[in-house]
Amino acid sequence: MTLSNSRRLLVLAVAVLLLGGLAAALVLRSASRDDKPSAGGPTVAAGAVTLTRPGSLAFLNGGQGPHRGAVASVPADAPESGRTASELTCQRFYAAAGTGVCLRSTPGALAQDNKALIVDSELRTLRSFPLAGTPSRARVSPSGRFAAWTVFVSGESYGAAFFSTRTAIVDTRTGKLEANLEEFAIDMDGREHRAQDVNFWGVTFSKDDDTFYATVSTGGETHLVKGSISGRSVKTLAKNVECPSLSPDETRIAYKKRVRAGASLWREHVMDLGTLREHALAEKRSVDDQAAWLDDRTLAYGLPTDGAADSTDLWTVPADGSGTPRLLAPGAASPARLG
């Protein structure tokens, strides 16, 4: 090896070391920034989160800091108060009757590393199921017996031109899994419907531990369907309904309605299940979320935080179409009223 070549190798080695050191410093700087609470953000402290505590609101903490992504809780009547954050982190979360479902996804990881966790009232894992894609929607039945989740198998948005979902329902007591609702029989306008382009998403449960509602997409249209877990079947009820959410009194469905064909623009609506009449809510911004009922009069949903691409805030709006949207909790997602 000549002296000239030796010098070139030395310079190259030094350059590699410098670049590696710079990359490590950037990673550490980013991690340090993520571990520090943002100025003016909500106060978050580690503690025990219990899913059976009456009068509490659970959600995923989205504020910067060491508890980002953790299941957290606040008093439902004081959502601006300090947050108690658990050790459980999720990408999507929901809870009812002391049972929770936590969808976990590691950025850059293989699909088989994504999991759905069924947790008890103390957030201890009871069961774990592999996810076929990126977490999107999660729900638990009012009794806590059933849990459902939707993932993107391909695509990352309901506004994308092409995407594919996979929706599952599990009996949290027995572990019996309906891994793909696309295997359920579909009654569309009185006729059996079969097609390769069927996608299900956004399950919401009735109190009877059998009936559920969801969105089915096929033939370029979305449909509200009413289904039976035991009957492994669904029936279409109405068109242009996405991400339904059943009211506590089970008389209405809240949902997002596409307001412009081919565009990712939705308006929150509520439909009376007895008459199928609908009305728009006061929220006029585009909501891409499965709203949650805080009570029979109020809905909560997530919207992107202004100036932050990777954060959402929780808002509320009256279910009867009156009033104005109100900020519920900044830097938060996946709300669930407990107790």
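## Asp 295 and Arg 297

Asp 295 is partly exposed in this predicted model, its relative accessible area being 23%. The partner of Asp 295 in a salt bridge is Arg 297, with 3.7 Å between the closest N and O atoms. Arg 297 has a relative accessibility of 59% and counts as exposed, because the exposed class begins over 50%.

## Salt bridges between separate elements

The structure contains 15 salt bridges. One of them joins the side chains of Arg 137 and Asp 288, at an N to O distance of 3.2 Å. Arg 137 belongs to strand 9, while Asp 288 sits in the loop between strand 22 (278-280) and strand 23 (292-293), so this pair ties together parts that are 151 residues apart in sequence. Arg 137 is buried, with 6% relative accessible area, whereas Asp 288 is partly exposed at 33%.

Another salt bridge is formed by Arg 258 and Glu 242, whose closest N and O atoms lie 3.8 Å apart. Arg 258 is in strand 20 (residues 252-258) and Glu 242 is in strand 19, so the pair connects parts 16 residues apart in sequence. Relative accessibility is 22% for Arg 258, which counts as partly exposed. For Glu 242 the value is 1%, and this residue counts as buried. The two residues fall into separate classes because buried means under 20% relative accessible area.

## The largest pocket

The largest pocket holds about 1,400 Å³ of space. Its lining consists of 48 residues, and those nearest the centre of the pocket are Gln 91, Arg 92, Pro 135, Thr 312 and Ala 333. By residue type, the lining comprises 19 nonpolar, 18 polar and 11 charged residues.

At least two residues each come from strand 2 (56-61), strand 5 (92-96), strand 9 (134-140), strand 24 (298-304), strand 25 (312-318) and strand 27 (332-338). Strand 9 gives the most, with six residues.

Glu 178 is located in strand 12 (residues 177-178). The side chain is of a charged type, and the residue is buried, with a relative accessible area of 12%. Leaving aside residues up to four places away in sequence, Glu 178 touches Thr 167, Ala 168, Ile 169, Phe 184 and Arg 232.

## Positive phi in two loops

Two residues other than glycine with positive phi are described here. Asp 209 has a phi near 60° and is found in the loop between strand 15 (199-205) and strand 16 (211-218).

Asn 240 also has a positive phi, of about 60°, although it is not a glycine. The residue lies in the loop between strand 18 (233-239) and strand 19 (242-246). Asn 240 is partly exposed, with 25% relative accessible area. Strand 19, on one side of this loop, is the strand that contains Glu 242, the partner of Arg 258.

Notes
Residues are numbered from 1 along each chain as its sequence is written. This is a predicted model: local features need pLDDT of at least 70, side-chain atom pairs count only at pLDDT 80 or more; totals for chains, interfaces and linings use all residues. Side-chain values use heavy atoms; hydrogens and water are left out. On a 1 Å grid over the protein atoms alone, a cavity is a set of points where a 1.4 Å probe fits but cannot get out, and a pocket is an open set with protein on both sides within 12 Å along at least five of seven lines; lining residues have an atom within 4 Å of a point. Grid points are joined across faces, edges and corners, and a volume is the space filled by probe spheres set on the points. Helices (H or I, at least four residues) and strands (E, at least two) are DSSP runs, numbered from the N terminus. Buried means under 20% relative accessible area, exposed over 50%, partly exposed in between (1.4 Å probe, protein chains only). Contact means heavy atoms within 4.5 Å. A salt bridge is a side-chain nitrogen of Lys or Arg within 4 Å of a carboxyl oxygen of Asp or Glu.
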